[in-house]
Amino acid sequence: MAAFNKVILMGNLTRDPELRYTPDGMAICNFGLAVNDSFRRGSEGEGKDETMFIDVATFRKQAENCGQYLKKGRRVLVEGRLRLERWQAQDGANRSKHTVSANVVQFLSVADERGGVSESTMKTEGATATKS
């Protein structure tokens, strides 16, 4: 049976990206993403807003670009796949969480020379970064 695992999210960074390198030199960048959703319950239900907080990981050149250009509050579009991370906590309990492993991060807002944020687009995919 074929499987399909693709996630596309647009939101704002909840914290500054954390860029680190593995012992063999591969860049890894982790950041949090807040994604807002609005919905109604029933035909005349009251509107509800919900915010989801998702952890995102990027790798290699894309990770370096994210670490260099992104900051808390910046808006991005992320394409990737859903991963399940599992670990054992210090108290012995098994823990798990879903994260997104991003293969495309599109910058929707970037800082201008004065330090403000302007709506623009910068897409990083693999080892290339281009302004569109």
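The model is predicted, so local features are taken at pLDDT of at least 70 and side-chain atom pairs at pLDDT 80 or more, while totals for chains, interfaces and linings use all residues. Residues are numbered from 1 along each chain as its sequence is written, and side-chain values use heavy atoms, with hydrogens and water left out.

## Overall fold

Helices (H or I, at least four residues) and strands (E, at least two) are DSSP runs, numbered from the N terminus. Read from the N terminus, the order of the elements is β-β-β-β-α-β-β-β-β.

The protein has 132 residues, and 33% of them count as buried. Buried means under 20% relative accessible area, exposed means over 50%, and partly exposed lies in between (1.4 Å probe, protein chains only). A contact means heavy atoms within 4.5 Å. Of the contacts in the protein with a separation of 6 or more, 51% are between residues 24 or more positions apart.

## Residues in the table

The table lists the relative accessible area of some residues discussed below.

| Residue | Relative accessible area | Class |
|---|---|---|
| Glu79 | 18% | buried |
| Ser101 | 10% | buried |
| Phe59 | 23% | partly exposed |
| Arg60 | 56% | exposed |
| Ala63 | 0% | buried |

Glu79 belongs to strand S5, which covers residues 75-88. With a relative accessible area of 18%, Glu79 counts as buried because the value is under 20%. The side chains of Glu79 and Lys6 are joined by a polar contact of 3.4 Å. A polar contact is a pair of N or O atoms within 3.5 Å; within protein, one must be able to donate a hydrogen and the other to accept it, and residues adjacent in sequence count only if both atoms are side-chain atoms. Apart from neighbours within four places in sequence, Glu79 is in contact with Lys6, Val7, Ile8, Ala102, Asn103 and Val104.

Ser101 is found in strand S6, residues 94-111. Not counting residues up to four places away in sequence, Ser101 touches Ala57, Phe59, Gly80, Arg81 and Arg83.

Phe59 is in strand S4. Leaving aside neighbours within four places in sequence, the contacts of Phe59 are Met26, Ala27, Ile28, Arg83 and Ser101. Phe59 and Asn30 are 29 residues apart along the chain, and their C-alpha atoms are separated by 9.0 Å.

Arg60 is in helix H1. The phi angle of Arg60 is near 60°, a positive value in a residue other than glycine.

Ala63 also lies in helix H1. Ala63 touches Leu19, Ala27, Ile28, Cys29 and Thr58, not counting residues up to four places away in sequence. Between Ala63 and Met26 there are 37 residues of separation in sequence and 9.2 Å in space, C-alpha to C-alpha.

## The aromatic pair

Rings of Phe, Tyr and Trp (its six-membered ring) pair if their centres lie within 6.5 Å; planes under 30 degrees apart count as stacked, over 60 as edge-to-face and the rest as tilted. By this rule there is one aromatic pair. The pair is formed by Tyr69 and Phe107 and is tilted, with 6.4 Å centre to centre and 55° between the planes. It links distant parts of the chain, as Tyr69 is in helix H1 (residues 60-69) and Phe107 is in strand S6, 38 residues apart. Tyr69 is partly exposed at 37% relative accessible area, whereas Phe107 is buried at 0%.

## The largest pocket

A pocket is found on a 1 Å grid over the protein atoms alone, as an open set of points where a 1.4 Å probe fits, with protein on both sides within 12 Å along at least five of seven lines; lining residues have an atom within 4 Å of a point. Grid points are joined across faces, edges and corners, and a volume is the space filled by probe spheres set on the points.

The largest pocket has a volume of about 160 Å³. It is lined by 14 residues, and the closest to its centre are Asn30, Asp55, Val56, Ala57 and Glu85. Strands S2 (18-21), S3 (27-40), S4 (47-59), S5 and S6 each supply at least two residues of this lining. The largest share, four residues, comes from S4.

The lining divides into five nonpolar, two polar and seven charged residues. Here Ala, Val, Leu, Ile, Met, Phe, Trp, Tyr, Cys and Pro count as nonpolar, Asp, Glu, Lys and Arg as charged, and the others, Gly among them, as polar.
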